[in-house]
Amino acid sequence: MPVREPVSKVHVEPPASSKPTSGKTVIRALTNAAIGGTAFLITCVGLRAILPFPEIDGGVSQKFRFFAAHKDEFDTLFIGSSRVYFQISPAIFDRVTRESGMPTHSFNFGIGGMYLPETAYLLEQILNLKPRNLRWVFIEYDELQTKWSPENQTSRRALYWADWKRVSFLLRKLTGAGTEPLWLPNPAKLRDIMLRQNDEKSTRRLLAFYAAQFEKNYTNVAKAGDVLDYFLSRDTKERSASYLGAAGDGYVTRPNRMSPSQAAAYERGLAAAMAQTDEHALSPYAVEAYRQCAREVRNIGAAPIFLITPSTTQINVAPESTGLAGVLMAFNDPRTYPSLFRSSVRRDGQHLTKSGADEFTRTVAANFVELARAGGIK
Amino acid sequence: MSFVEFRFLWFFLLVFIVYWAMRNNTARKVWLLLCSYAFYAAWNWKFTFLVLGSTTVDYIVGQMLGYSESPAWRRFWIATSVCVNLGVLAFFKYFNFFISSASGFLAWFGLPASVNTLNIILPVGISFYTFHSMSYTIDVYRRKQRPISNFVDLSLFVSFFPPLVAGPIVRAVYFLPQLVSAKKFSNVDVRGAVMLFLAGFIKKACIADGVAPTVDRYFAHPANFTATSAWIGVLFYAIQIYCDFSGYTDMAIAAARLLGYQLPNNFQFPYFARNVSDFWRRWHISLSSWLRDYLYIPIGGNRGSRGFAYRNVMITMLLGGLWHGAAWTFVIWGALHGTALLIHREWIRLTEDLKWAARAMRWLAWPITIYAICVAWIFFRAHDLSSAGTTLKQFILFQGGGNEHFHRWLLLVIGALVLIHWLNSRRWFAESWRHWPAPIFAAAYGCTFAVVLLFVPPHYTPFIYFQF
């Protein structure tokens with residue numbers, strides 16, 4: 001712009017000494033860099049230890065705070081996605097078990113859109129609370145999800161669980177590295193990823209995303225907001241009720257049913273899924289992650305129970321529990337459980353209506369009692 | 001890849017370690033050149049050919065200008081360089097704007113024309129490296145710079161990664177001499193550079209990205225908000241764009257310094273300017289001085305009549321506005337600044353001998369200037385002219401149509417940021433850390449960075465000036 005004075009004076013070299021760079025200078029620089037790096041890491045670890053549980057949308061924080069405050073009241077816990085959240089009623093479950101002479105007090109820790117690896121992280125945090133009376137933990141059994149929709153990638157929900165245990169599973173799965181504790185990416189898969197060949201078009205982006213999430217998580221990015229939220233945004237009764245449900249047991253009902261056209265589409269989808277005869281087991285990464293969950297559950301003296309919910313996308317999941325170190329209860333077969341797949345009790349392919357959820361809960365409870373009596377849950 | 005992403009840290013560490021491990025200056029330059037292209041390729045590798053093409057054309061033009069003494073040939077070669085550079089810029093940045101504006105203009109005359117705009121991706125930083133490159137050929141033409149025969153040197157000057165995508169705009173006469181001799185690590189002011197990087201990081205990642213959601217929410221639907229919220233939205237935007245751009249510049253300067261190179265300063269507390277001329281001596285200094293030296297003075301500058309000089313000011317400011325983006329809002333932003341510059345000149349001329357005016361301006365100059373700058377920012381940020389009009393009504397006439405509002409304590413945030421900025425301009429946070437023992441400084445720096453990360457929002461907002 002029309003300014004009169006010359007603003008940028010040519011300044012070629014900074015005024016500095018012309019000492020040659022000696023070995024001593026380099027060693028000093030490296031030492032100081034190491035000191036700075038160590039101070040950075042120690043501060044990150046220290047901050048991580050004292051920061052409160054993050055404020056996460058979708059009811060995660062509300063449920064976690066509630067459970068932390070009442071942790072010794074519950075002996076049974078359900079954890080998983082919306083297929084647990086909206087489909088397992090602790091009140092009904094407890095009534096059935098009580099009537100069967102095996103009383104329980106259960107809590108639903110289902111969260112909408114929560115899959116492995118988030119489930120595994122949250123379960124670990126819950127178990128770290130050391131709930132003294134917890135005896136049974138129902139964990140939804142599903143594939144390890146590696147995809148995040150771009151619009152959700154910047155949320156705190158996508159960040160808070162990204163510790164090394166979880167991210168390493170994702171990186172191993174994405175790079176085909178196997179489940180051994182010491183792992184290296186599969187060279188052929190790595191080549192495909194680098195060259196964006198075969199099905200690996202978005203894998204590079206996902207790898208970069210998860211690596212960044214891990215770095216952000218360990219360096220406490222954005223956690224100042226959690227401190228502020230911890231002091232300022234105490235839960236109101238209405239807000240808590242919206243996530244914890246009317247009975248305060250973590251279960252929320254979703255009454256709406258499918259329209260006739262949706263029901264017809266559902267029936268077609270169901271028939272197509274049932275027509276497929278090939279069952280598939282979960283990936284070794286998912287199984288290994290569940291095995292870890294089972295170990296952690298057992299460490300506090302509880303028993304893990306894996307749950308395949310009645311969903312059209314899980315119809316062909318093989319109820320294979322070998323190596324899981326826990327019981328697997330599968331409700332994904334429409335032939336065995338036709339009443340859970342009738343369009344009249346479904347909201348969509350994934351979810352049941354309230355009446356369907358009631359029936360599903362009763363079925364789970366009855367199976368649970370039967371298995372426990374038979375000594376099948378250890 | 002952006003300076004505030006973790007992957008930049010790993011990238012820079014690699015560049016830094018390998019660079020200083022090398023002894024040979026040519027090897028270092030080749031390494032920096034490769035890294036600069038890799039840095040640019042992280043956005044879109046295809047556009048590296050555009051940078052290479054622009055460099056090649058200007059290299060050839062520079063050589064030809066060195067050989068030819070004939071004024072006609074020299075004019076031909078410089079015209080070639082300007083046409084190619086501005087042609088590429090015009091195609092990628094302004095093609096759709098000109099086409100749709102022409103169509104709108106014809107429709108206004110009752111001659112509707114069916115036009116097709118192209119789906120053109122704007123290469124990141126094209127305005128910046130085009131201006132870098134053009135400064136070389138123009139200076140060679142003016143015989144201020146000798147044509148250089150080393151293609152690597154010219155390529156590195158055009159593509160040097162710290163200022164590549166959002167400035168500061170570096171001139172050949174400033175940068176090319178720095179490539180002559182090998183840098184010595186003992187000459188690098190590491191402490192000053194890392195502190196500057198931290199300052200830039202805080203400005204961008206904590207402040208600019210922190211206020212961005214409020215700004216975005218307001219400017220998405222300005223009509224929904226009250227007048228007070230409009231003030232908060234506009235003032236937050238003024239803070240955002242300053243912290244975003246000057247934060248980038250600080251980090252770019254710091255990264256270059258760590259490699260032994262100097263980049264020109266780009267900001268000098270612009271919001272404390274006491275008039276619009278003063279503002280342009282403090283805001284985006286590298287662009288304002290570039291436009292002054294390569295546009296305003298060549299078209300006549302202050303020479304000739306007052307009207308002629310005023311015309312030159314307006315041309316410069318309008319083109320300066322258009323440089324920022326292909327939209328009428330940017331043109332109006334430039335026009336507002338041009339008008340403000342002319343009003344200021346007239347005011348100075350008319351009140352030269354009036355003591356009361358000088359006394360009044362002692363108190364009023366700063367608020368009037370900052371208000372005018374904020375009014376202009378409305379056009380810079382608004383999605384279109386109609387929403388700019390809505391914001392103007394709220395900001396100037398206090399006519400707020402909507403019920404949505406931001407918390408008033410956000411005004412306190414603005415006050416706190418202004419206070420910190422003012423204290424900084426008074427050098428309150430000046431260089432006491434320079435006297436600390438190096439290990440103490442390193443440890444404090446590490447701890448501070450860890451604490452700063454707590455305040456970085458989880459979402460990354462791209463640098464505003466990347467789109468220019």
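How many residues of chain A are in contact with how many residues of chain B? The count is 40 residues of chain A against 47 of chain B. Two residues are in contact if their C-beta atoms, placed from the backbone, lie within 7 Å.

This is a predicted model, in which local features need pLDDT of at least 70, side-chain atom pairs count only at pLDDT 80 or more, and totals for chains, interfaces and linings use all residues. Residues are numbered from 1 along each chain as its sequence is written, while chains are lettered from A and ligands numbered from 1 in the order in which they are written.

**Where the chains meet**

Look at the side of chain A that touches chain B. Helix 1 (23–50) and helix 8 (203–218) of chain A are the elements that give two or more residues to this side. Helix 1 of chain A gives the most, with twelve residues. Helices (H or I, at least four residues) and strands (E, at least two) are DSSP runs, numbered from the N terminus.

**Inside chain B**

Chain B is divided into domain 1 (21–182) and domain 2 (190–467). These bounds come from an automatic or database domain assignment. The C-alpha centres of the two domains lie 26 Å apart. Across the boundary, 22 residues of domain 1 are in contact with 22 residues of domain 2. On the domain 1 side, helix 4 (71–108), helix 5 (126–141) and helix 7 (161–164) of chain B each supply at least two residues.

The table gives the classes of residue on two of these sides. Ala, Val, Leu, Ile, Met, Phe, Trp, Tyr, Cys and Pro count as nonpolar, Asp, Glu, Lys and Arg as charged, and the others, Gly among them, as polar.

| Domain 1 of chain B, touching domain 2 of chain B | 15 residues | six residues | one residue |

**Backbone details**

Start with chain A. A cis peptide bond joins Leu116(A) and Pro117(A), with omega about 10°. Pro117(A) sits in the loop between strand 2 (106–110) and helix 5 (118–128) of chain A.

Now take chain B. Arg143(B) is not glycine, yet its phi is positive, near 60°. Its place is the loop between helix 5 and helix 6 (151–159) of chain B. His284(B), also a residue other than glycine, has a positive phi near 40°. His284(B) lies in the loop between helix 11 (276–282) and helix 12 (285–296) of chain B.

Is each one buried or exposed? A residue is buried if 20 or more other C-beta atoms, placed from the backbone, lie within 10 Å of its own, exposed if 12 or fewer, and partly exposed in between. Arg143(B) has 10 other C-beta atoms within 10 Å, so Arg143(B) is exposed. His284(B) has 24 C-beta neighbours inside 10 Å, so His284(B) counts as buried.
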